[in-house]
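User: I'm new to this one and would like to learn how to read it. Can you walk me through a few features?

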Amino acid sequence: MPGKDRFFVEVDADRRCEKERKEPSGVYLQKRYGDRILLVAAEGGGYGIRARVAAEVVASMVLNYARMGETPVAVASSVLRTFAGEEGGIRFTSVDIRASGDVRLLEFGHPACVILRGTEEWPVEREKRLVETDGNGRHEVFLAEFRAEAEDRIVFTSEGIVVSGFGTRRLPGGWRRQGVTDFVRACIAERAVVSAHTLSRRIVEQAEINELFAVRKEMHCFTVYFRKPRRILVCSGPPFDRGKDRSLAELVRDYPGETLVCGGTTAGIIARELDRKVDVILKADPSGLPPVSRMEGVTLVTEGVLTLNKVKSLLSATFGTDVAGPGTDADVCRLLLSHDVIEFVVGTCINPLHQDPTLPVELELRRNLVRELAALLENRFMKEVRLRFV
Amino acid sequence: MENKLSVKVCTGTLCYVMGGAELQLLESYLPAEIAARVDIKGAPCLDCCNRTDAGKAPFVQVGDRIVAEASLFKVAEVIKEMLKAEGKWAE
Ligand code: FES
């Protein structure tokens, strides 16, 4: 697929509610459909449940119409006609990204996204289109299409961020879009590879500081970072055919990225074939999992199915990319989430004793476990996952 | 330096779920004078879990002997026995 390995699209978001509110009324959705990523931020106007429901309807309409191949203008007019007469508070921004790097931007009511090439703002031209709704008139929506390159970024900030600090001594006119742009450029100048996660978090934190920690208008931010992919190889399970032991070991040895081996037998095979030692670090793990080991040339060696199972549970309960905790399960989650391309090579040789019904715990079949884990990493964490059974 | 008796505790999946987790505490369980005479290490899998003739998990290897259905007590007894046999320890 063109451009598949050219760069990875990292996306992350952050938000803050107004002081004394727990749930935001705006909505942010991100979905991956094969090689395509769709992001939508939407607001329904006003506060509370009503605004939230309106925002959810808008976001899901934008997402689904775009997915079905509607043009941005058709998407915008469907939304605005649905809310005809009440479209006053409606705002939405959608970013439609293809694996080739082709990006389609649709903006309505929100501050224009900041698009950066390296540290410089890239002035992508917007096309203004008028959308007419029954009865109440004409609305301006803005469209842009461009092809992103590695190290480009798109930063969306809601009104709440752009106006943060308004009326304070330091920022009497608010932070403004230019203030946000300068801040983002400074962050990238400080650390060229700053992640989408960190950048979104820093923007929202700065906006909160601008507000002197009493947020007056809900804040939403998402960042898209097109960057060179970080790859990790995860090997778990002995190959079905023993004749493949050698090629598995060579795969680990020659892999152009980090490597994780989950499984004692697998680690033994790789160590034997490469003539390396496996040193178990005999220390109780806070997560209750068997201890990890060290092997030259391998980032981390862990036990197999118990560890993968706990990793799956922990990831299922994780939203965003922050995984706290001191255990092996958290370490593995952090390792996986810090990569973009995750390649699983799963050995299908089954130890019949693992399926013994008298075992005190039920051991899930490795291949099912890895399939579920792969789906989670792909759908929730937007990773590019490759799965191979040997 | 005295040659220590090698002890390998299996930390593989099957041994772990069959009660091997507590075997990680072996070093602190052994009396100091015995602990000083053994070299305890973990092993990712002792390869006994694939064999039908090795007995039941969890496994620990003491010297060249495989201890099946290992418990802290059972392993400590085997260690004492082997140290005695080698003349390295007397009760
Ligand atoms: S898991 Fe202990 S011998 Fe294989």
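**Reading the sheet, a loop and the interface**

Analyst: Let's start with one pair of residues: Leu116(A) has Glu121(A), in strand 7 of chain A, as its bridge partner. Strands here are DSSP runs of E, at least two residues long, and helices are runs of H or I of at least four, numbered from the N terminus. This is a predicted model, where local features need pLDDT of at least 70, side-chain atom pairs count only at pLDDT 80 or more, and totals for chains, interfaces and linings use all residues. Residues are numbered from 1 along each chain as its sequence is written, chains are lettered from A and ligands numbered from 1 in the order in which they are written, and side-chain values use heavy atoms, leaving out hydrogens and water.

User: How many bridges join strand 6 to strand 7 of chain A?

Analyst: In general, strands of a sheet pair through backbone hydrogen bonds, either parallel or antiparallel. Two strands pair if DSSP finds at least two bridges between them. Strand 6 (residues 114-117) and strand 7 of chain A run antiparallel and are joined by two bridges.

User: What is the strand order in the open sheet of chain A?

Analyst: The order is 1-11-10-6-7, five strands with antiparallel pairing. Strand 1 (8-16) and strand 7 (120-121) of chain A each have a single partner strand, so one side of each has no neighbour in the sheet.

User: Which helix touches strand 6, strand 7 and strand 10 of chain A?

Analyst: That's helix 4 (residues 176-190) of chain A, which packs on the sheet with its direction at about 30° to that of strand 6 of chain A. Contact means heavy atoms within 4.5 Å. Angles run from 0 to 180 degrees between N-to-C directions, with axes fitted to C-alpha atoms, for helices over the stretch in contact. Helix 5 (residues 196-210) of chain A also packs on the sheet, touching strand 1, strand 10 and strand 11 (219-227) of chain A.

User: Is Ser25(A) buried or exposed?

Analyst: Buried means under 20% relative accessible area, exposed over 50%, and partly exposed in between (1.4 Å probe, protein chains only). Ser25(A) has 10% relative accessibility, so it counts as buried. Ser25(A) lies in the loop between strand 1 and strand 2 (27-33) of chain A.

User: How much area do chain B and chain A bury between them?

Analyst: An interface's size is often given as the accessible area lost when the parts come together. Here that's about 1,500 Å², 70% of it on carbon and sulfur atoms, summed over both parts and using a 1.4 Å probe. The contact takes 15 residues from chain B and 22 residues from chain A.

Definitions and conventions: Buried area = accessible area lost by both parts, 1.4 Å probe.
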